[in-house]
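This report describes one protein model, with attention to its strands, helices and aromatic rings. The sequence and structure come first, and the description follows.

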Amino acid sequence: MKRIVLINDFIEHGAGTTNILQPLFTAYGHRVSALLTAVMSHSFSYGEYAYRPQTEEMERVLDLWRRHGFAFDIAMTGFIDSIGDLRQFDLVRAWLTELRASGTLIVADPVMGDGGALYPTLPPELVREMRSLVPLADILTPNVTEAALLLGRKWPGDPAETIGWAEELSALGPRLVYITDVRLPQSREGMIVCHERGQGTTTVPFRQEVADFGGSGDYFNGIALAQYFAGTPIPTALRVAAEWIETRLRNLPADWDMQQGLPWRVLPALPGEV
């Protein structure tokens, strides 16, 4: 059992971020807390949305948590507000620095964009601020668009070149980097590129069953990291997560609303489970 804190937003309708990761990690037996960065009425993909940044609330919560001496084994960052202003990054950087000094494992999901561009309404300054979190992370989990933004590269890149991006990002600080959604040209096949310091770079194939679905990266990261935290080697953990998602997508009802995420009653077993 790990004490995990999610630094992320909450989506009130649909699937994504905290409202996927918190029940998923809880189902795996971890104790999960959440420091909410924003509350969204629904995901960007629906169009017009209501959005409430939680910067002032974060300041109050962190002050109370410090006074209570709350401790965490793992901290996971996701969406950090940059729509209103960039103050949240100062708060998150300071707290991650404290947590890291106390031995907390830092996992950073640099949520910025997909399909080669920033998500709608997010400012270009977000890229600079997100880069500042990379040296604080032990594990970095960008998609290929976010990896390109962090490195200042063009998207889509040559897949052969993209394989080297994970090692480049690892050289900036994280001991483990995996890049999702690396597509092969004119194909439904793709790969996850993983670099672990001391272990080298590996690739894990996957098949792109649908273009997108609500919370895709959160399901994948949650399952892969739960496997990894339990002792599964990271290439195997990534393969388990990819195969679980592929199986769910192949067996969806024809009228399933993809913005509602995936139905999941059964999760992959952890090492040692029957």
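Strand S8 (residues 139-140) and strand S9 (residues 176-183) pair in the parallel sense over 2 bridges in this predicted model. The bridge partner of Leu 140 in S9 is Val 177. S9 also pairs with strand S10 (residues 189-196), here in the antiparallel sense and over 6 bridges. In this pairing, Val 182 stands opposite Met 191 of S10. S9 is mostly covered, with 7 of its 8 residues buried.

These strands belong to an open sheet of 9 strands with mixed pairing, in the order S3-S2-S1-S4-S5-S8-S9-S10-S11. The edges are strand S3 (51-53) and strand S11 (200-207), each of which pairs on one side only. Helix H1 (residues 18-27) packs on this sheet and touches strand S1 (3-11), strand S2 (31-40) and strand S4. The direction of H1 makes about 150° with that of S1.

S1 is mostly covered as well: 7 of its 9 residues are buried. S1 pairs with S2 in the parallel sense over 8 bridges, and the bridge partner of Ile 11 in S2 is Met 40. S4 (residues 74-77) in turn pairs with strand S5 (residues 105-108) in the parallel sense over 4 bridges.

The table lists bridge partners from several of these pairings.

| Residue | Bridge partner | Strand of the partner |
|---|---|---|
| Ile 11 | Met 40 | S2 |
| Ile 4 | Ile 74 | S4 |
| Met 76 | Val 107 | S5 |
| Leu 140 | Val 177 | S9 |

As a general point, side chains in a regular strand alternate between the two faces of the sheet.

Helix H5 (residues 144-151) is a covered element. Because 7 of its 8 residues are buried, H5 is largely enclosed by the rest of the structure. The buried residues of H5 are Val 144, Thr 145, Glu 146, Ala 147, Ala 148, Leu 150 and Leu 151. At the start of H5, a side-chain oxygen of Asn 143 reaches to within 3.1 Å of the backbone nitrogen of Thr 145. Just after the helix, Gly 152 takes a positive phi of about 70°.

The aromatic rings are the last topic. How many aromatic pairs are there? The count comes to 9 aromatic pairs. One of them joins Tyr 51 and Phe 79 in an edge-to-face arrangement, with 6.4 Å centre to centre and 85° between the planes. This pair links distant parts of the chain, as Tyr 51 lies in strand S3 and Phe 79 in the loop between S4 and helix H3 (87-101), 28 residues apart. Are the two residues buried or exposed? Tyr 51 counts as buried because its relative accessibility is 18%, and buried means under 20%. Phe 79 is buried too, with a relative accessible area of 4%. Elsewhere, ring pairs link Trp 65, Phe 70, Phe 72 and Trp 95 into a cluster.

Technical notes
Residues are numbered from 1 along each chain as its sequence is written. This is a predicted model: local features need pLDDT of at least 70, side-chain atom pairs count only at pLDDT 80 or more; totals for chains, interfaces and linings use all residues. Side-chain values use heavy atoms; hydrogens and water are left out. Two strands pair if DSSP finds at least two bridges between them. Contact means heavy atoms within 4.5 Å. Axes are lines fitted to C-alpha atoms, for helices over the stretch in contact, and angles run from 0 to 180 degrees between N-to-C directions. Buried means under 20% relative accessible area, exposed over 50%, partly exposed in between (1.4 Å probe, protein chains only). A polar contact is a pair of N or O atoms within 3.5 Å; within protein, one must be able to donate a hydrogen and the other to accept it, and residues adjacent in sequence count only if both atoms are side-chain atoms. Rings of Phe, Tyr and Trp (its six-membered ring) pair if their centres lie within 6.5 Å; planes under 30 degrees apart count as stacked, over 60 as edge-to-face and the rest as tilted.
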